[in-house]
Amino acid sequence: MLPRTLLPVHALVLVSAILAPACKPEEGAATDTDPTDSAATDTDPTDTAATQPTTSDTDTAATDTDTTASDTADTDTDTDTGGEVCVPRDPVVTAEVGIDFGTWPVMDGEPETISVAAACTVQTATQVEGKVEVALLCSQGDLLDVAVTLFVTAPADFAIDIQDGQTVALDAYWQGEGHHIGSGEWFVLKAADTGAVLLAGVAHDSNFGVNEVFGALTVNTVEGMCPLPCGSECFDTSDPERIAFQFVHDEGPSLEVVDGTRGEFLAQGRKFDAVVAKAEKYYCLNCWSWYVWVIGSVPA
């Protein structure tokens, strides 16, 4: 396994799901109340400067907390938003996502970004009590055998199956922080031969760009699962709405996983394990939503 070392600025951004963003007011800015997650409608944020990556070593408890669609149905709770299901947060469902981009170039712009769409070989892949580290050598165009490392922290029994020497495809993205823009990142790692998603993670204010590279999977935002924290008056409040993500596979199965819970489904001969640590929509002035989720898979 590759050792984890101190990294240069722009090299590693590791985001803790436990530290959801608070309201971040900026004078004279418009209210952001409806971030759009689909690749077809998201717009690139502007004006930023990259920040020093941070790390966190929070351990997660080794407790099986699988939440399935049937489990959700057993906990129906009428709400002010129409009676949809609002499952309580599970305290052991936490996640962190980080990417060490190594010497992958930072693209100047507003904001600065790193974008990867590379063919890679797995050097090492480890999982110890939910702490996942996947070391890759990736090539794209003139960039050959650049070391990129993925980090995920999830519940201890989080399901992944990635083999040393395996050929994979990596899509990854990072953006820096700027005016009205929070930094964030995501990655999708797929098997080169089948296109199956092996591991993916998001720590961002939207699911921007993920569906473009997700292959047979699609992730949709689902609102109205939980009551609005501000009732009918949501002009300016710092309390977020708990929303959900719907994971849909081309073979037919789909699963809605609300903020702070976990679920699994079977497709493409694999079992997918989805952990949604944060799915929060903010209504305060100059705030944005915050998402942290990971998904892994193993042979069914």
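Biologist: What makes lysine 271 partly exposed?

Modeller: This is a predicted model, and in it lysine 271 has a relative accessible area of 27%.

Biologist: Why is the contact of lysine 271 with glutamate 264 called a salt bridge?

Modeller: The closest N and O atoms of the two residues are 4.0 Å apart. Glutamate 264 is partly exposed, at 24%.

Biologist: How do you know that aspartate 259 is buried?

Modeller: Its relative accessible area is 0%, and buried means under 20%, so the label applies to aspartate 259. Aspartate 259 forms a salt bridge with arginine 89, with 2.6 Å between the closest N and O atoms. Arginine 89, at 39%, is partly exposed.

Biologist: Which parts does the pair of aspartate 259 and arginine 89 tie together?

Modeller: Aspartate 259 sits in the loop between strand 14 and strand 15, and arginine 89 in the loop between helix 1 and strand 3, so the pair ties together parts 170 residues apart in sequence.

Biologist: Why is lysine 278 called buried?

Modeller: Its relative accessibility is 14%; the cut-off is under 20%, so lysine 278 counts as buried. Glutamate 280 is also buried, at 4%. Lysine 278 and glutamate 280 form a salt bridge, their closest N and O atoms being 3.7 Å apart.

Biologist: Which residues are linked in a network of salt bridges?

Modeller: Arg89, Arg242, Asp259, Lys278 and Glu280.

Note on methods
Residues numbered from 1 in each chain as written. Predicted model: local features only at pLDDT ≥ 70, side-chain atom pairs only at ≥ 80, totals over all residues. Heavy atoms only, no water. Salt bridge = Lys/Arg side-chain N within 4 Å of Asp/Glu carboxyl O. Helix = DSSP H or I, 4+ residues; strand = E, 2+ residues; numbered from the N terminus. Buried < 20%, exposed > 50% of the residue type's maximum accessible area, 1.4 Å probe, protein only.
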